[in-house]
Amino acid sequence: MIRAFAAIALPDSVLDALACAQAELPVSRPTPEDNLHLTLVFLGDVPEVSLEEVHLAFSAIRAAPFELVLSGMGVFGGRKPRLVYAGVDHSDPLIHLQAKLDRAARSAGIEVERRRFTPHVTLAYLNAKRDDPLRIERAVAAQAGFRTAPFRVEGFGLYQSELGKGGARYRELAYYAFSPSESAVPKA
Ligand code: 2AM
């Protein structure tokens, strides 16, 4: 079985901006810069043959490059804060892309969770023992105006997640480049 997910990798300028924002957060384990990404679909533990099917389905996805802006910061988990994230400005191309990946994964036989897609970049997973929710809430509120310059998304990747003692390690298994000739308007 391979634990896998599809995500958008972020350019260095955005990673730098995120690292600066992380430095202001009183969290015990910020996400290492190499691990920062925008998840499109979490596939879970997938048999290798199914991953081949997913790869074929992802390879058939057509989309045009588009621009994204990361903005805002928040905490998921409500009364039990679970993670701190950077938000993403609304983007129709991103929503359409995610829907295409979701469909592609299902067509390959993967049972994708039926959670609403909330685009975000995880800046830190929180530890109930070591992290103080109030301090974190204040630090997050202080960075509500966080905003990156627009950046171009030229494709997406399929990643393997290897869970280990030092945290997860992500490895790119495949990259799917968009085609500038694709219409940015989604086809019916
Ligand atoms: P998260 O950052 O919001 O936790 C690799 O684990 C990526 O898949 C992470 O970005 C993670 O999102 C996402 N993911 C979505 N659902 C997941 C789940 N049930 N278990 C682990 N990761 C999940």
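Reader: Quick one on S28: buried, exposed or partly exposed?
Author: Partly exposed, because its relative accessible area is 31%, and the cut-offs are under 20% for buried and over 50% for exposed. Bear in mind that this is a predicted model.

Reader: Where does S28 sit?
Author: In a loop. That loop lies between α1 (12-23) and β2 (37-46).

Reader: What does S28 touch, leaving out residues up to four places away in sequence?
Author: N127, R130 and D131.

Reader: And how far apart are S28 and L10?
Author: 23 Å in space, C-alpha to C-alpha. In sequence they are 18 residues apart.

Reader: Let's do α1. Which of its residues are buried?
Author: V14, L15, L18, A21 and Q22. They sit on the same side of α1, because they cover an arc of only 120 degrees around the axis.

Reader: What about the face of α1 turned away from that side?
Author: That face carries the exposed residues D12, S13, C20 and A23.

Reader: What covers the buried residues of α1?
Author: Strands, among them β4 (70-76), β5 (83-88), β6 (120-125) and β7 (151-153).

Reader: How does the span of α1 compare with what its 12 residues should give?
Author: It agrees. At 1.5 Å a residue the helix should span 16 Å, and its end C-alpha atoms are 16 Å apart.

Reader: Now α2. How far does it reach from first C-alpha to last?
Author: 16 Å, over 12 residues. That is close to the 16 Å expected at 1.5 Å a residue.

Reader: Which residues of α2 are buried?
Author: S50, L51, V54, A57 and F58. Their arc is only 115 degrees around the axis, which puts them on the same side of α2. The face turned away from that buried side carries the exposed residues E48, V49 and L56.

Reader: Why would residues three or four places apart point the same way?
Author: Because an α-helix has 3.6 residues a turn.

Reader: What covers the buried residues of α2?
Author: The cover includes β1, β2, α3 (92-107), β8 and β9.

Reader: Which residues of α4 are buried?
Author: α4 is residues 133-142, and I136, A139 and V140 are buried there. They share the same side of α4, because their arc is only 100 degrees around the axis. These buried residues pack against β4 and β5. The face turned away carries the exposed residues L134, E137, R138, A141 and A142.

Reader: Strands next. How many residues of β1 are buried?
Author: 6 of its 8. β1 is residues 2-9, and it is mostly covered.

Reader: How does β1 pair with β2?
Author: In the antiparallel sense, over 8 bridges.

Reader: How many bridges join β1 to β8?
Author: 4, and the two strands run antiparallel. A6 stands opposite L158 in β8, and A4 has Q160 as its bridge partner there.

Reader: What joins β8 to β9?
Author: A hairpin, through 2 residues. The strands pair in the antiparallel sense over 10 bridges. Y159 stands opposite E172 in β9.

Reader: Switching to rings. How many aromatic pairs are there?
Author: The count comes to 8, with ring centres within 6.5 Å as the cut-off. One of them is F58 with Y176, an edge-to-face pair at 5.7 Å centre to centre, with 85 degrees between the planes.

Reader: Where in the chain are F58 and Y176?
Author: In distant parts, 118 residues apart. F58 is in helix α2 (residues 48-59), and Y176 is in strand β9 (residues 167-177). Both are buried.

Reader: Which residues form the aromatic cluster?
Author: F58, F66, F156, Y176 and F178.

Reader: Last topic, the largest nonpolar core. Which residues touch the most other members?
Author: I8, L18, L43, F58, L97 and F156, out of 54 residues in that core.

Reader: What does I8 touch, again leaving out residues up to four places away in sequence?
Author: H37, L38, L40, F66, L68, L94, L97, V153, G155 and F156.

How values were computed: Residues numbered from 1 in each chain as written. Predicted model: local features only at pLDDT ≥ 70, side-chain atom pairs only at ≥ 80, totals over all residues. Heavy atoms only, no water. Buried < 20%, exposed > 50% of the residue type's maximum accessible area, 1.4 Å probe, protein only. Contact = heavy atoms within 4.5 Å. Core = buried A, V, L, I, M, F, W, Y, C linked by side-chain atoms within 4.5 Å. Expected span 1.5 Å × (residues − 1). Arc of directions from axis to C-beta. Pairing = 2+ DSSP bridges. Phe/Tyr/Trp six-rings, centres within 6.5 Å; stacked < 30°, edge-to-face > 60°.
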